[in-house]
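Subject: The structure I promised you

Hi,

Here's the structure we talked about.

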Amino acid sequence: MIDFTPSRGHTTLTTTTAISLLTSAFNKPSVFRHHAASPSNRTLSSRITCETMSSSTGTAFPTLRSVTIPYADLKNKDADLSAKIEEGFGPNGLGILSISDVPEFSSLRQNLLHLSPRLANLPQKVKDELEDPHSRYNFGWSHGKEKLESGKPDLLKGSFYANPILDVPTTDMFLKQRYPSYCSSNIWPDSALPELETALKALGKLMHDVGLMVAYHCDQYVSKGMEVDQNESLKQILLRSRCHKGRLLYYFPAPRSDCVPDSDSVSSWCGWHTDHGSLTGLTCAMFKRDGVEIPCPDSTAGLYIKTRTDQIVKVVFGEGEIAYQIGETTEILSRGYLCATPHSVQAPKGEEVSGVDRSTFALFMQPDWDERLNFPKDMHIHKDVSSPCFKFCNFQSTLHI
């Protein structure tokens, strides 16, 4: 994940949306439901209906529900889900949709997220042994290694990274040295918290499998507007990848509500960024106080997305749903039929947040480090890139230049 700025040195294929959210017309935040424009007429404005939501904090940002696809429809390869895919991922969408009623998801989510505070509260010596500086802390435990938008170390949350599909992506030592953030091996707290490995792999594998189904229907939608080489389809690229990455996040409880820097900002917990990979799976967050699960104490806390018209909206999805977001790689390969969006996370505020922690899990589905990506020839990716075909690891590095 990278911080979003408009001057990354690469071009993305977003199109201007015709949606007007009319945020200034409401005294209270509203929930809007989007109805996608016809695939055959991309200039049509989306129709918007709204439901009023109460909020004690009076935020100026509207709240949008993600487009939702039932799992029964998703697993049906003969179903035409193009309208839903376009509604969520298309040029007029928010770059996110959710899948409901996935078998076993709720229990697997509970199993893993309940382990998050236990992991974060292991003895420091144990956590030190779980760190992997060589991979730039992209495997194992990481705390205080990332920076907030202010440039200060991020001490608000800790992360545990692991590949849920392959413990050892490669045994090639040259690759391990050259691409450590992709090719390193998993590190597990075998003695201190042995159940973590089983729980993370189970949830990660499920989200991976569902993500492949989402990718299949994305391919069907994109193929209506452009020719898609079956071997270079989103599903096939992800199916042969060896470097998908799971991230278990734990946001430490603040002793007082004013302990979170820039708490009034919608990026107080996670700065603005656009995912650079292909597809990101997300669980709904779990909040606890003194080890007991509670509802989120502040309705303004959570995921925020920047729309095509640069408006900021809060996006919600069900606790029992898996959300998926499009990454920049997919946006470029699809010529903008599927669009990535900048997003951030806002911390809860108010007296009720004292002592409250937050746990969540994300699965970053991305091409193999060795995957040759055939970008559109008319797409200017970066000034130092002369060929439209180059490896994902090299493309990813251009995003940080």
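Before anything else, helices (H or I, at least four residues) and strands (E, at least two) are DSSP runs, numbered from the N terminus. This is a predicted model, so to speak of a local feature I need pLDDT of at least 70, and side-chain atom pairs count only at pLDDT 80 or more, while totals for chains, interfaces and linings use all residues. Residues are numbered from 1 along each chain as its sequence is written, and side-chain values use heavy atoms, with hydrogens and water left out.

Let's begin with a loop. Pro-348 sits between β17 (343-346) and β18 (356-365). Is Pro-348 buried or exposed? With a relative accessible area of 6%, Pro-348 is buried (buried is under 20%, exposed over 50%, partly exposed in between, using a 1.4 Å probe and protein chains only). Its C-alpha atom lies 9.9 Å from that of Arg-358, 10 residues away along the chain.

Next, Ser-98, which belongs to strand β6 (residues 96-100). Ser-98 counts as buried because its relative accessibility is 0%. Its side chain makes polar contacts with the side chains of Thr-68 (3.1 Å) and Glu-321 (2.9 Å). A polar contact is a pair of N or O atoms within 3.5 Å; within protein, one must be able to donate a hydrogen and the other to accept it, and residues adjacent in sequence count only if both atoms are side-chain atoms.

Now for the helices. In α2 (residues 82-89), six of the eight residues are buried, including Ile-85 and Phe-89. How do α2 and α8 pack? Their axes are 9 Å apart, at an angle of about 100° (axes are lines fitted to C-alpha atoms, for helices over the stretch in contact, and angles run from 0 to 180 degrees between N-to-C directions). The two helices are therefore roughly perpendicular, a label that covers 65 to 115 degrees. Among the α2 residues that meet α8 are Ser-82 and Glu-86, and on the α8 side they include Val-214 and His-217; contact means heavy atoms within 4.5 Å.

Finally, the largest nonpolar core has 53 residues, and Phe-89 and Ile-99 touch the most other members. Such a core is a set of buried Ala, Val, Leu, Ile, Met, Phe, Trp, Tyr and Cys residues joined through side-chain atoms within 4.5 Å. Its largest share, 13 residues, comes from α8 (residues 195-222).

Cheers!

How values were computed:
Angles under 35 degrees count as roughly parallel, over 145 as roughly antiparallel, 65 to 115 as roughly perpendicular and the rest as oblique.
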